[in-house]
Amino acid sequence: MERLLEVKGLHVSFHTYAGDIKAVRGITFGVEKGETLALVGESGCGKSVTAKALMRLFDRTSGEILPGSEITFDGTDVMKLTKKELHAFRGAQIGMIFQDPMTSLDPTMTIGRQVGECLVIHQGLSMKEAQRQAIELLRMVDIPHPEERVKSYPHQLSGGMRQRVVIATALACNPKLIIADEPTTALDVTIQAQVLDLLRDLKQRLGTAIILVTHDLGIVADFSDRIQVMYAGQIVERGTTHEIFKECMHPYTWALLRSIPRDSQKGTTLYSLNGTPPDLLLPITGCPFASRCEYCMPICRQQLPPETDLSQTHRICCWLQHPKAPKVARPAELGGGMNA
Amino acid sequence: MPERDTLVSVEHLKQYFPVSHGRILKAVDDVTFSIARGETFGLVGESGCGKSTTGRAILGIHRPTWGRVCYDGKDISRFTRAEKMQFHKKAQMIFQDPYACLDPRMTISSIIREGMDVHFSYSRQEANDKINQLLAQVGLTEDYASRFPHELSGGQRQRIGIARALAVEPEFIVCDEPIAALDVSIQAQVINLLLKVQQERKHGYLFISHDLSMVRHISQHVGVMYLGSMVEMAPSEEIYAHPLHPYTKALFSAIPTPDPDANWASTRIKLSGEVPSPINTPPGCKFCQRCPYATAACHESAPELRDMGTGHEVACHII
C-alpha cells in the first residue's frame, strides 16, 4: 500500500462575531491508494469541514485552516499551493461529490458542458472533444441515452440522475481521490442503493480512493474499508470496518450503533444519548464526550485522553483504555465482550 | 381482520391535482385503510408516492377528489362548523422540518399556547402551568418558554412541534417524517418520546416515514405506497417477515444493514430505473415498468388489494 494523502494536526476555525468556532481540532489521518475511508459522526462534528479542508475550499473571510496544519497529497504540500496552483489541483487530482445534486449543478448549463468544463480547463481539450468525452463519462455512470442527455439541463433530470451527473463530473479528469460528502442523503433508498452500486463498481474499475462522509452507519458497513468516528472536531475512534462494528470500544461509537433500532426490541424504548454535543465556540477541556458519557470518570473532564493503539489499525481516544481505568465491557446488544 | 376500535378510516381516497395543459397529477389514487385507537399505522414509500398527501387529506388540509375520510365513523367533509372545530382539536400534526414549522417571531410559550387559546379557556396561570407541564413532558425545562425557535437545536425544535400538537389534547396525530431531519441519536430521543406519550394517552398515530427500520420499531400496521397506490398492507411483524409484493421486497432489501458481515450488496434485489411520473399514468399495475416479474396482465389492468389471510393484503396479479 502506498500513502496517497497525509493529514497532520489539521485545525479549522470559523471566525464569527461570537468568536472562533473551532470546527476541526487537530486531527491526523492518512488515506492509502485505492482504499475507501469513511468519516462518520453527527451533524456539526466536523466531518464535512475536514473533507472541504483537503481541497482548501474556504475563503479567508469565513473558514481558516490554522497554521501548523499539514496536508500532503501524493507528494504535493497542499497548504503551500498558490491560488493558481490550487485551481489546477482541484478537480484534476481530487474530485468532489456533494450532498445535494440540486445545488451542486449549475441550472443554466447543459449537462454536457458541465461534465466537459473540467476537461477543457484541466486537459486543454476543445469544447467539441470535451463533449464527446462527456458522453463517454455519462455512459460510464449508467445514464441512459447519453447522446441526448448531454443537451438537457439539470432540472430535466431526476435526483438520482443528477447525482450520477455529479459523479461523472468528479470522475472527468481521472482523479486519484474522490471526496463524497453525503452522496446519497438526498436520495430515496432504492436510488441510494443504485448510486452506491455505481460508486462501488467505479472504485473497483478505476482504483480510485474514496473518502466517504456520512452519518448513515448502514452505508458504511458495506462500503468502506476503514472508518473514522468523529465527535466535536476530533477523531475518537478509528479502525477497519470490522473493528468498528464488531470490536468498537469507544462509548460514543457504542451509542451510535445502539441507537439504530434492532428487530428484537420492537416497541420498547430505544437507546438514546442524552444532552447535546459541546459548544464549539468554547474551549474543550478533557474528553469532548465526557458530559454525555455514562462511563465518565473525573479525569475525563480534566485531560484529553491520549490515543491508544488496540491493534495496528484500531486506535481510540478514551480514558477507559488506561491500565488503571475500570474494565468496561461492550454493551450486550453489540455482542458484549472485551478486546484485550 | 380482527375487530379493532377504528378511529380513522380512509375509504377509496383519491387526491388529484390539475397541472398545466389539462393534465392530472394523481398524487393518491384509490387508497383504503383504517387506523385504530392507540395504534400506530406506518406509511412507507419513496418520495412522491403520496404518503404525505394522504396524511394531509386525513386532516382535511386537502379536499379529497373522490372517496372519504371518516373520523370516529363520521365523514370529515360533512362536519358542521362546531364539529370541525372539535376535529381540529382531536387530530393534530407533527411536521417534517423543525426549522420551517415554527414561527420565528413567536416565543416557544406563545407557539404552544396558540392552539390552547382556541380550544380551551384557561386563565393565564393555568395556561402557564400547562405549558411548563408540556415542556417537562417533552424533556425540556421551563426556561425554554421565553426563548425563540432560532435559539434551539433541531431536536429541541422537534420537541416543541410535539408539545404544540399535544397542547390541545388530541386523540390522533399525523407524524409526517418527524425524524427525517434529525441526527441518529436525536431520532431515538424523539421516537422514545412519541412512544411514551402514546402509552400515556392512547393516541392513534399515522407515522409517515421512509426510514423503514424506525417504522418497524414503532408501528403495529404498515402500509407500503407506490405512485399513489397502496401496494401492500399488513401487521408490521408479518410484512417485515414475509413481504409479498415485488416492490416491498425490493424496498426492504435496499435498506443498508449496519453489519459488515451481512454482505448486503450481493443479497439484495436490484430495481432498475426510477419511479415514473405520477402525471397521466398508464392503466395497469403502476409498478409494472420496474417489476422483474411483470406479465401482460400487469400492463392491462390494475391489481386490487386482496387479503392473503391474517390481514395481509397485497395488490399484485402474480401472487
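In which loop of chain A is A:D142 found? In this predicted model, A:D142 is found in the loop of chain A between α5, which spans residues 127–140, and α6, which spans residues 146–149. The backbone of A:D142 has a phi near 60°, a positive value in a residue other than glycine. Most residues other than glycine have a negative phi. With a relative accessibility of 47%, A:D142 counts as partly exposed, because partly exposed residues are those between the 20% limit for buried and the 50% limit for exposed.

A positive phi is also found in chain B, where B:K202, likewise not a glycine, has a value of about 55°. The residue B:K202 lies in the loop of chain B that runs between α6 (184–201) and β8 (204–208). Its relative accessibility is 52%, and B:K202 therefore counts as exposed, since the class of exposed residues begins over 50%.

The two chains meet at an interface in which 41 residues of chain A are in contact with 37 residues of chain B. Between them, chain A and chain B bury about 3300 Å², and carbon and sulfur atoms account for 55% of this area. Of the area that chain A buries against chain B, 18% is supplied by A:V189, A:T190 and A:K266, which is more than any other three residues supply. The count of salt bridges between chain A and chain B is 1, and this salt bridge joins B:D259 to A:K246, with the closest N and O atoms 3.1 Å apart.

On the side of chain A that touches chain B, at least two residues each are supplied by α7 (159–171), α8 (189–206), α9 (217–223) and α10 (241–246) of chain A. Of the elements of chain A, α8 gives the most to this side, with 9 residues. When the residues on the side of chain A that touches chain B are sorted by class, 14 are nonpolar, 18 are polar and 9 are charged.

Chain A itself is divided into domain 1, covering residues 3–224, and domain 2, made up of residues 230–262 together with 270–334. The C-alpha centres of domain 1 and domain 2 of chain A lie 29 Å apart. Between these parts of chain A, 25 residues of domain 1 are in contact with 21 residues of domain 2, and the area buried between domain 1 and domain 2 of chain A is about 1700 Å², of which 59% comes from carbon and sulfur atoms. A:R25, A:E42 and A:L217 supply 38% of the area that domain 1 of chain A buries against domain 2 of chain A, more than any other three residues.

Across this interface of domain 1 and domain 2 of chain A there is 1 salt bridge. A:R292 forms a salt bridge with A:E42, and the closest N and O atoms of this pair are 3.7 Å apart. Polar contacts across the interface of domain 1 and domain 2 of chain A number 9 residue pairs, both residues being at pLDDT 80 or more. The elements that give two or more residues to the side of domain 1 that touches domain 2 are β2 (19–32), β3 (36–40), α1 (47–53) and α9 of chain A, and β2 of chain A gives the most, with 10 residues. By class, the residues of domain 1 of chain A on this side divide into 12 nonpolar, 8 polar and 5 charged.

A further pair of residues in chain A, A:H250 and A:C317, can be described together. A:H250 is found in the loop between α10 and α11 (251–258) of chain A, whereas A:C317 lies in strand β13, residues 315–317 of chain A. A:H250 has a relative accessible area of 1% and is therefore buried; A:C317, with a relative accessible area of 17%, is buried as well, because the limit for this class is under 20%. The side chain of A:H250 reaches the backbone oxygen of A:C317 at 3.0 Å.

Methods:
Residues numbered from 1 in each chain as written. Chains lettered and ligands numbered in written order. Predicted model: local features only at pLDDT ≥ 70, side-chain atom pairs only at ≥ 80, totals over all residues. Heavy atoms only, no water. Contact = heavy atoms within 4.5 Å. Buried area = accessible area lost by both parts, 1.4 Å probe. Salt bridge = Lys/Arg side-chain N within 4 Å of Asp/Glu carboxyl O. Helix = DSSP H or I, 4+ residues; strand = E, 2+ residues; numbered from the N terminus. Nonpolar A, V, L, I, M, F, W, Y, C, P; charged D, E, K, R; others polar. Domains from an automatic or database assignment. Polar contact = N/O pair within 3.5 Å; in protein donor to acceptor, adjacent residues only side chain to side chain. Buried < 20%, exposed > 50% of the residue type's maximum accessible area, 1.4 Å probe, protein only.
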